[in-house]
Amino acid sequence: MNALAATSRNFRQAARLLGLDSKLQKSLLIPLREIKVECTIPKDDGTLATFVGFRVQHDNSRGPMKGGIRYHPEVDPDEVNALAQLMTWKTAVAAVPYGGAKGGIGCTPGELSRSELERLTRVFTQKIHDLIGINTDVPAPDMGTNAQTMAWILDEYSKFHGHSPAVVTGKPIDLGGSLGRDAATGRGVMYATEALLTEYSDHFRINLVIQGLGNVGSWAAKLIHQKGGKIVAVGDVTGAIRNKSGIDIPALLKHRSEGGSLEDFYGAEVMDAAELLVHECDVLVPCALGGVLNRENAAEVKARFIIEGANHPTDTEADEILAKKGVIVLPDIYANSGGVVVSYFEWVQNIQGFMWDEEKVNRELQKYMKNAFQNIKDMCKSQNCNLRMGAFTLGVNRVAKATLLRGWEA
Ligand SMILES: NC(=O)C1=CN([C@@H]2O[C@H](COP(=O)(O)OP(=O)(O)OC[C@H]3O[C@@H](n4cnc5c(N)ncnc54)[C@H](O)[C@@H]3O)[C@@H](O)[C@H]2O)C=CC1
Ligand SMILES: O=C(O)CCC(=O)C(=O)O
């Protein structure tokens, strides 16, 4: 089952639990708008290259649509659709006044030079500038994109519409970005892990495995390590390493920032990357691609808890296998919502023209993460369901209410 079918299935299950009628279900499920654009750029060697860009705007009943832009070779319309839908439920779970959207360009960013990436981003922005905006659709970074990508979008958009810092979030601080946004998704993963562990045990002194050492994974690793979590294995697209006494995460991140590879890090041994997700641990934190937990490996997972830092890392078959094994999965639409929560703070700061200090950003983020966890637990209790369904029913219910209040009922 692909990501779109799986996400829609979770939506339908939640809608049934909530007793939503079929017309409302249809209107909530179908995206508001799907955009597909050709992006042709001159490469540095003078030849032309053509890429396909997407933006799916799923729902705006609770506010402007919000979601990242991904640069990855596997970006396709179904995946972007699923990720846009997830954003609608995620912003509702987080209780930020947004709808959901997602975008992407099918490309391999590592094979493009900085100037090629800039040209690609600018051409994509030219094609979608009249469909995004401060009160309509506000992009942010996702896999393969970063603050610099947002700066190029901001600059290109502003040529058409005047200086508009709030049109994107996750920008560089010097262009109106928020303190704490870079770390926010990983920090939210840490708060989510803390909330779950407090519920099921009484300390952070557990063994963890983290997949992905990009924006989300490296911040999650750093902050969980600071809290006393022992990270016994990590991996990324280049491979994986382990150390049963715990990896020195600050040393590893320093080593990587100086250009070192996982393989030549002195403080751990190289392991088979395929074994990473089934490595012995208490908590598994996937922070890379979708669909990495599937029927091939789910039965072998040793973790008692899975914290979904990535979007849709657990496919439907894996979800069922893990539930039978008693593994507790904290779902993406809550676990990685720290990013969009601080994106909301960034947007608010841009609109107010007033910058918050980092302590305030982190304190407010912690409050939003705590409240959302409590709301999910209450839903689980009233609907007698697991955490994924608790989060889905919470999100779908809020979006359905807003839709009905607006009088959009079919
Ligand atoms: N950046 C953000 O604020 C948010 C990101 N997410 C999700 O978190 C996940 C990671 O996003 P970012 O950290 O922003 O991306 P990133 O581009 O900064 O890092 C991606 C990481 O995944 C690793 N990776 C890629 N392919 C892999 C493979 N085949 N096996 C193992 N590792 C692999 C890369 O080596 C890298 O370490 C994605 O699913 C994204 O949608 C979710 C919420 C917000
Ligand atoms: O920060 C944002 O606006 C969205 C981040 C995102 O794409 C996600 O949460 O999956």
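1. Ala95 lies in the loop between helix H3 (77-94) and strand E4; helices (H or I, at least four residues) and strands (E, at least two) are DSSP runs numbered from the N terminus. Ala95 is not a glycine, yet its phi is positive, about 65 degrees. Ala95 counts as partly exposed because it has 17 C-beta neighbours inside 10 Å (20 or more would be buried, 12 or fewer exposed, with C-beta atoms placed from the backbone).

2. This is a predicted model, in which local features need pLDDT of at least 70 and side-chain atom pairs count only at pLDDT 80 or more, while totals for chains, interfaces and linings use all residues. Residues are numbered from 1 along each chain as its sequence is written, and chains are lettered from A and ligands numbered from 1 in the order in which they are written.

3. His312 also has a positive phi, near 50 degrees, without being a glycine. His312 sits in the loop between strand E11 (305-307) and helix H9 (316-325), and is buried, with 26 other C-beta atoms within 10 Å.

4. An unreviewed UniProt entry lists Lys102 under "active site"; such annotations may be inferred rather than shown by experiment. Lys102 belongs to strand E4 (residues 100-106) and is buried, having 31 other C-beta atoms within 10 Å. Beyond its neighbours within four places in sequence, Lys102 contacts residues including Val56, Gly67, Val80 and Met87 (contact: C-beta atoms, placed from the backbone, within 7 Å).

5. Helix H6 (residues 181-200) meets helix H12 (residues 358-383) through residues including Tyr191 in H6 and Phe373 in H12. The residues of this contact are seven nonpolar, three polar and two charged (Ala, Val, Leu, Ile, Met, Phe, Trp, Tyr, Cys and Pro are nonpolar, Asp, Glu, Lys and Arg charged, the others, Gly among them, polar).

Note on methods. Axes fitted to C-alpha atoms, helices over the stretch in contact; angles between N-to-C directions. Contact = placed C-beta atoms within 7 Å.
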